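Student: I've got a model open and would like to learn how to read it. Can we go through a few features together?

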Amino acid sequence: FFSNVKHASQNNKGYERKEEKMKKARTRIIWGIVIVIIAVIVIARVFKKEEPVVPTPDPVVTVQTPHMGDILLTTDLVGTIEPADIVYIYPKAGGDVTAVNVKAGDVVAAGQVLLEIDTKQVDTSKNSMDAAKVAWDDAQSTLARMAPLHASGFVSDKEFEGYQTAAEAKRLQYESAKIAYENQMEFSHVTSPISGRVEQLNVEVHDTVGNSNQLCVIAGDSGNNVTFYVTEKVKNHLNPGDPITVIKEGTEYGGNVIEVSNMAEASVGLFKIKASVDDNETMAAGTSVELRVPSASARNAILIPNNCVYYKSGDAYVYTYDNGIIHEVPVEVGIYDSENIAVLSGITLDDQILTTWTSELKEGTKVTLEIEAPATIEMNGTETDAQIKMQVIQETDQTDKAESPAADQSQAQ
């Protein structure tokens, strides 16, 4: 038994030695494979032909110089058409209307009698005038008889001066009575002070009128005006002669400001403006129209495109180009329209303003003008076509990068 056990133990030790030799052989094989792979990679890298490195071109930009020009902003309002010349007729004396000679829409001439009023004073004034005329004629006749007697010495100088004084007094009385009669005739015969058209007629025959009753309205034939009201801010930008646009049923008419009130109307708290209208009197008085009125303007200002201005923390700035380098320049801006913005300070007409925008725009960045950009890039003695394209990148980095002009353009105001 012990003999068998000893023999089995020897067999196991031989098997273990065999297994150990096989493990060592496998380990050598694996390391050999790893070494071969590493050698292959190293040899491939050593003998691999290096590809040429393409140089990164500078950003390509476009520039534009500022120009002088005007910006005119308008605001939309509503106005009322009125005749350029308009007269409101009131009686100078009360009484009963005895005749009406016109109707609404009639064209009248200056001095034409519109209506007649019985003031109860015409006859009395005429009698007084006639009596004064008789007394004056009698005084003149007496003075004429006394003149030869005074010349012959039969009437003294003092007496003759009395006759002269009496005749002059009668003349003055007659003149006064005549004026009173003419006034009464004027009061009773209401006439038109201007030539034009009767817009309103407010009385009929047999009506009793007083001094406060409006008889009629006459519009002159010198065209139409438009009246409208504005705030103080808009009023401060309006001056006589400024152009406006009047719109009625889709048709536009020109016009010019003729009056600017400096006192606000108490009823509305706004300032009254009057302007002429070039409509050839086609619009009826009293109708409402749309208006485009100047609200702000910049005359002979330095202008640049809106998209050239950027904002950082509310402050405006632009990028300028100088010998291949861009600079960030703070500017003071004014009003702007859909295309341009007025620059009040910070740049001159000689500066070159960048009109392109990319995330690479920073102070001191090297750039290439679009007109100077190369058409080809030379690499290792050969030329390869390289088309250079600029793509505007819309980013909104609130820290170090510029904000888009459209994001804060309202601050230009």
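Student: Which residues form a nonpolar patch on the surface?

Tutor: Keep in mind that this is a predicted model. The patch is made up of Ile 30, Trp 31, Val 34, Ile 35, Ile 38, Val 42 and Val 46, and together they have about 700 Å² of accessible area. One of them, Ile 38, is found in helix H1, which covers residues 2-47.

Student: Next, helix packing. How are H2 and H3 placed?

Tutor: Two packed helices are described by the angle between their axes and the distance between those axes. Here, helix H2 (residues 122-152) and helix H3 (residues 157-188) have axes that come within 8 Å and cross at roughly 160°. An angle over 145 degrees counts as roughly antiparallel, so that is how H2 runs to H3. Their crossing is left-handed.

Student: What kinds of residues make the contact of H2 with H3?

Tutor: That contact divides into 18 nonpolar, nine polar and six charged residues.

Student: And salt bridges: how many are there in the whole structure?

Tutor: Side chains of opposite charge can pair when their charged atoms come close. A search of the whole structure turns up eight salt bridges. Take Lys 126 with Asp 130: their closest N and O atoms are 3.2 Å apart. These two sit four residues apart in helix H2, so about one helical turn separates Lys 126 from Asp 130.

How values were computed: Residues numbered from 1 in each chain as written. Predicted model: local features only at pLDDT ≥ 70, side-chain atom pairs only at ≥ 80, totals over all residues. Heavy atoms only, no water. Axes fitted to C-alpha atoms, helices over the stretch in contact; angles between N-to-C directions. Parallel < 35°, antiparallel > 145°, perpendicular 65-115°, else oblique. Left-handed = near helix turned anticlockwise from the far one by under 90°. Nonpolar A, V, L, I, M, F, W, Y, C, P; charged D, E, K, R; others polar. Patch = residues over 30% accessible without salt bridge, like charges linked within 9 Å, V, L, I, M, F, W, Y side chains within 5 Å. Areas by Shrake-Rupley, 256 points an atom, 1.4 Å probe, with all protein chains shown as cover. Salt bridge = Lys/Arg side-chain N within 4 Å of Asp/Glu carboxyl O.
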